[in-house]
Amino acid sequence: MSRNGGGSRVRGPNSALTEFLRERGIDALAIRNRYEQTQQRQQDENGITEEDGVVTVSSSANRRRSGATEAVVTPSARQKKKSKKKRDQDDEDDEFILDRISRPKPGQIEFCAECQNRFTVTAYSKAARTGEGLLCHSCGSKYAQEEKQQKKTQISSRKKRKSVAAALLDRQDVMVPKLQDVCIKLIAKYIDDVDVLGDIGEFNLDKIARILSRNRSLRDNTVKLFLTPAIKSLRFWDCSNLCSDSFKLIASFCPQLESLTLSMCGQMTDGVVDYYAEKLTDLHSISFNGAFLIRNPCWINFFNIRGSQLIKISIANTLRFDRSALQALVNNCPDLEELSFSRVGNLTADDLVLLLKLPKLTSLELSYMKEALTDDTIIEILKLVGHQLVSLNLDDCETLSDRVLLEGIRPYCGKLQTLSLGLGESFSNEALASLFRDWDVNNGLINVNLMRCTNIGDEGIQALIEHSAKTLVILNLNSVYPLTDSTIHLLAASDCEFLSQLDIGFIHCVGDREVEMLSERCPSLQLIEAYGNIRITEVAKIKHGVRLIGRQSDTI
Amino acid sequence: MSQGDSSADSEYVLLVSSDGYEYSILRKAAMVSGTLQRMFEGAGLESQSKRVDLKDINGILLEKVCEYLYYNLKHQNNPGNIPEFDVPPEMALELLVASDFLDV
């Protein structure tokens, strides 16, 4: 509540409470100062008047209660806490009430507590620091500066807390920003005025492209900035504003492309893909997410022409990819090593059998395609390529049963390092335990995702920990509800040297103690995601360098 | 350019731009830049002469870079509530190239 002392300033509408307080002359700052003054005085007199203090406690109990209801109308919570704390020291309350009662009404003539001059009391006259009177206008405005300073520091410390909390959510450390990042942000902001990006290195180019994608400013006029003839790899994460001609530009300007990643490419048409098939002769790696306009014949044509050189294919979010397209893929890409289908809705279980014709697969993803997944198909695929498979992602696999774990993964996946079985609600605790217990063919998993595998419990996860503790880097146990703290304790106690990212969201048993243990015992830990863990409070002491995200107490 | 100072805190180094402007800054500030750090701590000519000739960076850019080095030094230990570092947009591209070279 900043007052500018003396009242001819125009003021906007205020709440009823503010008006009430101002009328009565109740000033939060004055109350606090008065309290602090009397605290000081009390501490000095404490030795002498201890007995008196005891007497005053009992006798003024009544007065205190009545006073508390009317007088302690302080706006800030901090003050309320302070007044609760000092319930034992009632001298202050007494004085406070007396003051309130005896405060002179506006219009009366008073003597200033400091300079002893006469002045007329107004609703805005400030109370003296000593609590024993009011100040005239000039003395009151002396303190206005100080009060402003105090407010400023309050605001700045609040901003600081906010920025630290916000940065936490962004998973960034709040550090001094690098000059490169400052420049990149500026360029991204003024991108429409930029003519040519010049020689700034591929890494920075990629960074700018990423920022532009985030700002949705990757458009027809800005995309040209990234197309230089020599580049071999291009990644655009948000192509929603690019028209089909711009997509074609990519191929005309960068014919030497070997790896192309286009996400959110909804405007890409058949003509574009045909053009790519024609021009991009060095292409070996493609990733198209959201190319829903591309029809089957177009896919078939593309694979017919370029299939033989493709090593990595990733297609996501399209319904126009069915058996015929898959057949063309399988027939033309015998050397394919990495295949990823995500939300390719029109493939069925029978179609996926065709994948058995890809003997060189080292990485397979069939995520969010649960209708197409069956135990038998997956087991057959694993029988064929399991021994060389490094990464397996079957997110959203509730249609799969324990058989996949025990008859598919366990016997064949010796080289597996990344395993993602998110939303595997049909997997049972015992089966997971049997998978990992004494799984000697496999040397240890690096990246494991078991989010929302709600039927797994302690036995399964403990078997996983015993198997892969020495190799785990990323572990996601989000929503694995049945876990108890014995598993978390085991995790902390298992010397997980390389564990750096851990997601333990919505696991009820995880509280402050568990999180402290984890941050202490896992030397490489950098990130703990703890959304929905209501038992973690701001008290938890996290080792420096470990970021804990998602605590309820981290408010912005 | 103060030399021969035993305390590392007041040691200065010289950065020379392509058009001959010379900027004398604290050694500590120069160390914010990875490239400059390597230059001054390595076995090369620069570490002895305490002087670097930056033939690709002109005077105006170099001045901005020095400004940033001090800004970084000043706020290193104060996370949260760091004031923004202003850069005129016309300078942004060239400054990016320079800062990329200087690893800063």
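This is a predicted model: local features need pLDDT of at least 70, side-chain atom pairs count only at pLDDT 80 or more; totals for chains, interfaces and linings use all residues.

Residues are numbered from 1 along each chain as its sequence is written, chains are lettered from A and ligands numbered from 1 in the order in which they are written, and side-chain values use heavy atoms, with hydrogens and water left out.

**Chain B**

Chain B has 5 helices and 3 strands. Both kinds of element are DSSP runs, numbered from the N terminus: helices are H or I with at least four residues, strands are E with at least two. From the N terminus, their order is β-β-α-α-α-β-α-α. The table gives further values.

| Property of chain B | Value |
|---|---|
| Buried residues (under 20% relative accessible area) | 44% of 104 residues |
| Contacts (heavy atoms within 4.5 Å) joining residues at least 24 apart, among those at least 6 apart in sequence | 56% |

**Where the chains meet**

How many residues does the contact take from chain A and from chain B? Chain A gives 24 residues, and chain B gives 24 residues. The size of an interface is often given as the accessible area lost when the parts come together. Here the buried area (lost with a 1.4 Å probe and summed over both parts) is about 1900 Å². Carbon and sulfur atoms give 72% of it. On the chain A side, Val176(A), Leu179(A) and Gln180(A) lose the most area to chain B, together 32% of what that side buries.

The count between the two chains is 1 salt bridge, meaning a side-chain nitrogen of Lys or Arg within 4 Å of a carboxyl oxygen of Asp or Glu. Lys178(A) and Asp103(B) form a salt bridge through their side chains, at 3.9 Å from N to O. Helix H7 (137–169), helix H8 (179–189) and helix H9 (202–214) of chain A each supply at least two residues of the side that touches chain B. The largest share of that side, 7 residues, comes from H8(A).

**A patch on chain A**

Tyr481(A), Phe506(A) and Tyr531(A) form a nonpolar surface patch, with about 310 Å² of accessible area together. Such a patch joins nonpolar side chains (Val, Leu, Ile, Met, Phe, Trp, Tyr) within 5 Å, from residues with over 30% relative accessible area and no salt bridge. Tyr531(A) lies in the loop between strand S14 (527–529) and strand S15 (547–549) of chain A. Tyr531(A) is partly exposed, with a relative accessible area of 33%; partly exposed lies between the buried limit of 20% and the exposed limit of 50%.

Definitions and conventions. Patches are made of residues with over 30% relative accessible area and no salt bridge: like charges are joined within 9 Å, nonpolar side chains (Val, Leu, Ile, Met, Phe, Trp, Tyr) within 5 Å. Accessible areas come from the Shrake-Rupley method with a 1.4 Å probe; for residues, only the protein chains shown count as cover. Buried means under 20% relative accessible area, exposed over 50%, partly exposed in between (1.4 Å probe, protein chains only). Buried area is the accessible area (1.4 Å probe) that two parts lose on being put together, summed over both.
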